[in-house]
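Here's a quick briefing on how two chains meet. Have a look at the model first, then read on.

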Amino acid sequence: MATVEEAAGAVGGKAAGSEAPTLFLRKATGLVRGWSVRDAIVYACLSTNIITLGIYEFSFNSFIPKGQLLTAVLISGVWVSFLVIAYTGLVVTIPRAGGDYVWQSRILAGPIGFVFAATGWWFILWLWAPIYGSVLNVELIQPVLYTLNARGAASYFGTHNGTFTICLITIALAGVLVSVGMNGYARIQKWCFAGGMVGFLVIVVLLLAYSHGSFVSSVNAEAHKIFGVSNAYGTTQASAAKIGYSTPGFGLNSFGASMLLVPMLMFYLLWPNWGTTLYGEVRGASDFKRVFTGMFSGLWLTVILSVVFLLLVDKTFGWSFYNNANATFWAGKGSIPIWPYPAMLAAWLVHNEAFQVILLLVMSLWFFGWVGSLFLSSTRVIFAAAFDRVLPDSAATVSEKRKVPMASLVLMLLPAAGLSAVYAYWIKFQTYTLDATLVIAVTYLVSAFAVVILPWRKPELWKASAASKFKIFGVPIVPVSGLVTMGLIIYNLYEWLSNSAYGVNNHGSLVFMALLYALAIVVYVAARLIRKRQGIDLGLINKEIPVE
Amino acid sequence: MKIFFATDIHGSEVCWKKFLNSAAFYKADMVILGGDVTGKIMVPVIVRPGSFEVTLSGETHVVETEEEIRNIEQKIRNRGYYPTRITPDELGELNEEDGSIDRRFTTEMVSTLDRWLDMADAKLRGGEIPCIVNGGNDDTFEIDGVIEASPCVTFAEGKVVNLDGFYLASMGYTNPTPWDTFREAPEVDLAKRIEEVVGQIPDMERAIFNFHAPPFDTGLDDAPALDASLRPMHGGAVMKAVGSTAVREAILTHQPMLSVHGHIHESRGIKKLGRTLAINPGSVYTDGVLQGAVIDLNEKKGKVTRHILVNG
């Protein structure tokens, strides 16, 4: 697919100081207009999801007691911006569906591409399924059921069986959405984004309009009505003191301690590049700007929403109550028996059940707008690996009648269901949440390394790329941004693996992740041996034919 | 017998050179190029007394020597574009209305193809390694005669070529595209054209279809869905099957052992349609990478024994 607008950028457009044309296009297939930047922004914003991922992760703030979320969000936003530049370079240089798998295979080596794409875009998504299920549970199912006074059903979803049920529902939902294709879902996503933003705006208005005093009385009244808890506000503050937690004052300070929150915030801010793998084949400077603008704006829209959220939480909830409620909940000592979902707390400012339920439903659009993409990348990697003969051909089969990628879905759904069971019934496994981020971050690290060495590994490809034209003081910014991205991820890896606050560096978690990498290596080596016996050399796949 | 199949190189000189080297590289007995050989973009190199000016990747280069401009022209060719030397006056006179741009395109295409075929003669040892080239919907009809005249390349469009007992039927026409390209036909007409070619095959069990258009709704034909203004819908995330129903029907009816396709660059893949193994190796010609398929055929059993997609 070539784009008319990008062709002008790629080859020249109008000569400087002259009206003479600098290229001619003839009528040919694929000469399309550029894609919409607005769509790319929506994708990036939904993938760095402030509601389903961001505020969920904010609730673990107490694990880094002196860290400032506001500071950490801004540091993370700036640092991840370099990842956006590095990935923009990859996207415009090798604009292929398949993303990291293609980039790493092409720039580094086929086995590297398979191992890190399989772990980062396939195996670890098995763990994202129960995490998403858990988010659905705490942000929609339980708050709505409790608000509707359906306590029996609500408490069921607080049990192991309930958690497992909701994980299976999430997996089924993601599977069905992959099966029906992106056509209808892409439209749904946009509506979900618009609706979700309206919900966010309503919360902003509520938090602006009501005072802290009103909030305290609302929490006490609604928590009593819904959960039968008396003086929820005061009890929460007292519980926090009992467990020895004290919230630092809200502000833009504590740089050092806030840096320790950065590895946590990667859980939501590391994904602005999630949906940017398909671009035109004729790339130019305008193309680079377009790709960059989509991802960068999406990322910073999320950062801005985060900042607004944190400022308003401080103003109306009170920073100490917000953190104390989260800290006591995760310590099992919360006065409110379910996760103190900020949208639910905001909705309590209006003493009307219907309003509260509607606001929770509207805010759930943030979940439904993104859950359909959960297995999409995985099925693409499975297909690409099957076409490369690393996986059996049957892995890429699509049923004739319903167009369902049955085999790849089975490769996703069954392990995801299995891990959901482990997640639901073995509480310790729930602390491995950040493994889901770590394994993808490692994949990004390898891609960032690929972009750093791109000018040397593939000099002709690099010189022809629009990415090579962007320089500061003569230094190309894309490889430098790759280096900064590597710094970000190596820093995070160091913290994840050395600091027990993140729940990653315990024995079980490390074994779990090691097994994923071992599985990927075993699959590749087995494929190589089996194909060799069949007379197929997988080493040929990415070997370059000499030109001269 | 081992064949190497690639397609849609769209004027990329790097890819053409790789294609010519592919037989030796993959130890293939023959090489097949599935159409869309010609490029889409022409870049004027403005000739002034004592200097040349060309704009590439947004940068305007003014050089003085023949060697310098040749280096830049080679870069342009490697990307699949045609450099065309032109004076400022000639450039000012070029316009779409009188067809002068199309004529210039044709001149550059034909002269490039001539040069490519000379390279082929040397690389393919004067025809010792069979090389089959087909038209694609983006190829103008002027190229047909140029390739026909080559002593070492067989132009296969609309013909059945006997490959040591296998029968390769070729068809560069596609179903209609939004761009109204050169070799397009409505599905009904395309079906007739296919039947005319396929009717020449003496043994369908040993047939290979080399149809530029991929079969409809097979995963080999997924392209970004476009809106009325030819802008990809939903950020390019929504794909749509755009292959040919006539090609699909022909494959399902005749069940050749193999069918190879191109046309939809981003839809690299493999699909079984009944007995037939259908392959679209895709194309990333702008990267200077030649995607292709290495396919082993068993002469005795008349079937595909091995296949692999490669990024050469």
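A salt bridge here is a side-chain nitrogen of Lys or Arg within 4 Å of a carboxyl oxygen of Asp or Glu. B:Lys17 and A:Glu548 make one, with their closest N and O atoms 3.2 Å apart. This is a predicted model, where local features need pLDDT of at least 70, side-chain atom pairs count only at pLDDT 80 or more, and totals for chains, interfaces and linings use all residues. Residues are numbered from 1 along each chain as its sequence is written, chains are lettered from A in the order in which they are written, and side-chain values use heavy atoms, leaving out hydrogens and water.

**Extent of the interface**
- Chain A puts 70 residues into the contact and chain B puts in 73, contact meaning heavy atoms within 4.5 Å.
- About 6,200 Å² is buried between chain A and chain B, and carbon and sulfur atoms give 56% of that.
- On the chain A side, A:Phe24, A:Arg26 and A:Ile545 lose the most area to chain B, together 15% of what that side buries.
- Buried area is the accessible area (1.4 Å probe) that two parts lose on being put together, summed over both.

**Charged links**
- Between chain A and chain B, the salt bridge count is four.

**Strands across the chains**
- Strand 2 of chain A pairs with strand 3 (residues 41-48) of chain B, antiparallel and over two bridges.
- Within that strand 3 of chain B, B:Met42 is the bridge partner of A:Phe24.
- Strands are DSSP runs (E, at least two residues), numbered from the N terminus, and two of them pair if DSSP finds at least two bridges between them.

Notes. Helix = DSSP H or I, 4+ residues; strand = E, 2+ residues; numbered from the N terminus.
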